[in-house]
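Welcome! Please take a look at the protein below, and then let's walk through its main features together.

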Amino acid sequence: MYHKTMSYRVFSLFNNIFLTAVSVLCLLPLVHLLMVSLSSSAPANAGLVSFWPIGFTLEAYAKTFNNANFLASLWVSVERTVLGTALALIVNTLAAYALSKESRVFRARNIYLWYFVITMLFSGGLIPGYILILKLGLMNSLMALILPGLVAVFNIILMLNFFRTVPKDLEEASFIDGAGQFRTFVSIYLPVSLPVIATVSLFVMVGHWNAYFDGIIYIRDSEKLPLATFMQTIIVQADMSKIDPNALTNGTQRTLRASQIFISALPILLVYPFLQRFFVTGIVVGAVKE
């Protein structure tokens, strides 16, 4: 076997060393951020904190969770991510299932497929999108953050190719038992499509959680800002007006920012391990065409 050869063992050793080094490099900034958030103000301001807290304290987290604007933005992002992911999965899976059928079954398949693909190549632009949201009366609402990106053609194509790998015998057996297209989709296709569903869910969740630009454009009230927009405002624009002034009495902007950044990154870090085992399968199978 090839895995018993000396060359493969050497390659495997260096590959593991390289991947371990990359993993450590990816984790170190996050660890440093956590240590800064757990340190007292003086060493944090002096830049003395590296990978171990100095003057351990949870004051920055206490001040963060006492910030009403931060909690409101956190809840908006949770609502957006949960609702946006659910709606995106419903719409994209139904579209992918229909487009996965052959032309003899769905005669207008190619027309609809090209209709979707064209949107990947050409966009209406920022100003028409803003005008559309304004005319629909969605400004300053949660739907303004969800609906514009509801249909993701890349995800549809990924799921479409995955659905094509499902054996036709299962579909035919379902039809023989009297099931229709929708029942076949729910009872046959969805249960065997967990890898690609988990993959698309991860894409959509990360996209919604990290999106900040649409919040700047469509949201006017500070209490309705998603968390990413809130963080962009206080970190990139250095606008500290959304932070409770009392929070800065015994703490520092640096420790507060570190705690807020870590909290904003934590949900995705917690969700990813549960979806990771499906991720590779969903990408590989969904990207292979028959």
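A residue is called buried when its relative accessible area is under 20%, exposed when it is over 50%, and partly exposed in between, using a 1.4 Å probe and protein chains only. What you see is a predicted model, where local features need pLDDT of at least 70 and side-chain atom pairs count only at pLDDT 80 or more, while totals for chains, interfaces and linings use all residues. Residues are numbered from 1 along each chain as its sequence is written, and side-chain values use heavy atoms, leaving out hydrogens and water.

**Overall picture**

- The chain has 14 helices and 0 strands; helices (H or I, at least four residues) and strands (E, at least two) are DSSP runs, numbered from the N terminus.
- Of the 290 residues in the chain, 37% are buried.
- Among contacts (heavy atoms within 4.5 Å) with a separation of 6 or more, 70% are between residues 24 or more positions apart.
- The accessible surface, from the Shrake-Rupley method with a 1.4 Å probe, is about 16,600 Å², and carbon and sulfur atoms account for 69% of that surface.

**Salt bridges**

- A salt bridge here is a side-chain nitrogen of Lys or Arg within 4 Å of a carboxyl oxygen of Asp or Glu, and the chain has 2 salt bridges by this rule.
- One of them joins the side chains of Asp214 and Arg80, at 2.5 Å from N to O.
- Asp214 sits in helix H12 (residues 213–218) and Arg80 in helix H4 (residues 68–99), so this pair ties together parts that are 134 residues apart in sequence.
- Asp214 has 17% relative accessibility and therefore counts as buried, and Arg80, at 2%, counts as buried too.
- Lys101 and Glu171 also meet through their side chains in a salt bridge, at 2.1 Å from N to O.
- Lys101 is in the loop between H4 and helix H5 (109–121), while Glu171 is in helix H9 (residues 168–176), so the pair links distant parts of the chain, 70 residues apart.
- Both Lys101 and Glu171 are buried.

- Helix H10 (residues 181–192) packs against helix H11 (residues 194–210) at an angle of about 70°, with their axes 5 Å apart.
- The axes are lines fitted to C-alpha atoms, for helices over the stretch in contact, and angles run from 0 to 180 degrees between N-to-C directions.
- H10 is therefore roughly perpendicular to H11, a label for angles of 65 to 115 degrees.
- Leu190, Pro191 and Val192 in H10 meet Leu194, Pro195 and Ile197 in H11.

How values were computed
Parallel < 35°, antiparallel > 145°, perpendicular 65-115°, else oblique.
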